[in-house]
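Welcome, and please get your viewer ready. We will go from one selection to the next, with a short note on what to look for at each stop.

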Amino acid sequence: MTCCGTGELAGESSTGMLGGTTTSSTGDPTTSSQTEATTSGTSSDTGAGAETTSTQSVTADSGGSESSTGGTRLCGGELPAQWPDGLDCSVPEIAVHRYDANTFILRQSLCTSFEGPFLYLLFGEDRVLLEDTGAGGIDVAQAVSDVIEQWLVDNQRGAIELVVVNSHAHGDHVAGNPMFEGQAGVTVVTPSVAGLSEFFGIDDWPTQIVQYDLGARTIDVIPIPGHQQSHIALFDHGAGWLLTGDTLYPGRLYIDDFPAYVESIARLVDHVPAEAVCNVMGTHVEMTNVPGVDFDFGADEHPDEHPLQLDYAHLLELRDAVEAMDSPQIEIHDDFIVYPL
Ligand SMILES: [Zn+2]
């Protein structure tokens, strides 16, 4: 049983400048050596406290900026109490949620794929990063373009470079990559160890952690093989989000390479301090709101779905769980299920 087919890898990288002139720059990552405590970033441009204006179909918003669901760092934006649950398929194929002025979450409708993956769009001053492109069958390029165009209007900008990165190379996260390849202003990072290493300047996979600058918004790129060999986590200093992909989310945590996975979880804990994290954000939800109860595999309706966001305590809970296992075994927790393959 697997969660997600080993989909096709994206093709070669291409570079340009969305909506503007081409550039040869694909970013200038700097290496950080297992570093110092992160701070909340330098920018005020990450839109703390911005009102949520979910532009499409996301329903009621929960609490405010001091959500108790967060980690030890207070969250600066708002998250939906409930995402579209797949019961009403008249909703848009992609739900777009504006978390703050520079941070967006897109969710592919469960009506188009039972995987219902989440995508993240993070704006810096110089470039915008898209994490993941969905499971296919949707016009993700148009949805992303719409968000970028509105951001450009709001920020009185003419163009911004788009960098497409995948949490990992499984098909339900990279299927939309070809829609971005070859577009002016867009760089698609090949989601392989070689492609990631080349683009981000990682010389020592998986132990080296590097930083990538979006312009007044720093992203730490953390290799975390285990679920899949070219899996990365992104720690966004701007929003205080630890983006964990399929490695940690409220669902079945399928583990392909258990020893690598254990090391990867420890790497996350060692590198990212609790006080820097507002939320731990994954790329699926498969748990219900009943502790320890998941939806059936392949379920395309998720009534009373668990919230997307987890917090730092879940990361510690996961670390303790996998480090305590003498041999890999399925273990059900309230908010996730450890699921070695
Ligand atoms: Zn996966």
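A nonpolar core here is a set of buried Ala, Val, Leu, Ile, Met, Phe, Trp, Tyr and Cys residues joined through C-beta atoms within 7 Å. A residue is buried if 20 or more other C-beta atoms lie within 10 Å of its own, exposed if 12 or fewer, and partly exposed in between, with C-beta atoms placed from the backbone.

Before selecting anything, note that this is a predicted model, where local features need pLDDT of at least 70, side-chain atom pairs count only at pLDDT 80 or more, and totals for chains, interfaces and linings use all residues. Residues are numbered from 1 along each chain as its sequence is written.

**Stop 1: confidence**

Colour the chain by pLDDT, the predictor's confidence in each residue, from 0 to 100. The mean for the protein chain is 85, and 79% of its residues reach 70 or more. Now select residues 1–69, where pLDDT stays under 50. Where pLDDT is low, the predicted coordinates should not be read in detail.

**Stop 2: the six-stranded sheet**

Helices (H or I, at least four residues) and strands (E, at least two) are DSSP runs, numbered from the N terminus. Two strands pair if DSSP finds at least two bridges between them. Show the open sheet of six strands, ordered S2-S3-S4-S5-S6-S7 with mixed pairing. Its edge strands are S2 (94–100) and S7 (186–188), each pairing on one side only.

Zoom in on S3 (103–108). Is this strand mostly covered or mostly open? It is mostly covered, with six of its six residues buried. Thr103, Ile105 and Arg107 are buried on one side, and Phe104, Leu106 and Gln108 on the other.

S2 and S3 form a hairpin with two residues between them, and they pair in the antiparallel sense over six bridges. Ala95 stands opposite Arg107. Five bridges join S3 to S4, also antiparallel, and in S4 the bridge partner of Arg107 is Phe118.

At the other end of the sheet, S6 (residues 161–165) and S7 run parallel, joined by three bridges. Val163 stands opposite Thr187 in S7.

**Stop 3: the nonpolar core**

Which residues have the most contacts inside the largest nonpolar core? This core has 80 residues, and the answer is Leu106, Leu121, Val128, Val164, Val221, Ala233 and Leu242. Strand S4 (residues 118–123) gives the largest share, six residues.

Select Leu242 from that group. Two residues are in contact if their C-beta atoms, placed from the backbone, lie within 7 Å. Leaving out residues up to four places away in sequence, Leu242 touches Ala233, Phe235, Val272, Val277, Val280 and Met281.

**Stop 4: helix H4**

Select residues 193–200, helix H4, where Gly195, Leu196, Phe199 and Phe200 are buried. Look down the helix axis: the buried residues fall within an arc of 105 degrees, so they line one face of H4. That arc is taken from the directions from the helix axis to the C-beta atoms. Their cover includes strands S8 (209–213), S9 (218–223) and S10 (232–236). Just after H4, Gly201 takes a positive phi of about 75 degrees.

**Stop 5: the three-stranded sheet**

Finish with the open sheet of three strands, ordered S12-S16-S15 with mixed pairing. Here S12 (252–255) and S15 (331–332) are the edge strands. S15 pairs with S16 (residues 337–340) in the antiparallel sense over two bridges, and Ile332 stands opposite Ile337 in S16.

Technical notes. Axes are lines fitted to C-alpha atoms, for helices over the stretch in contact, and angles run from 0 to 180 degrees between N-to-C directions.
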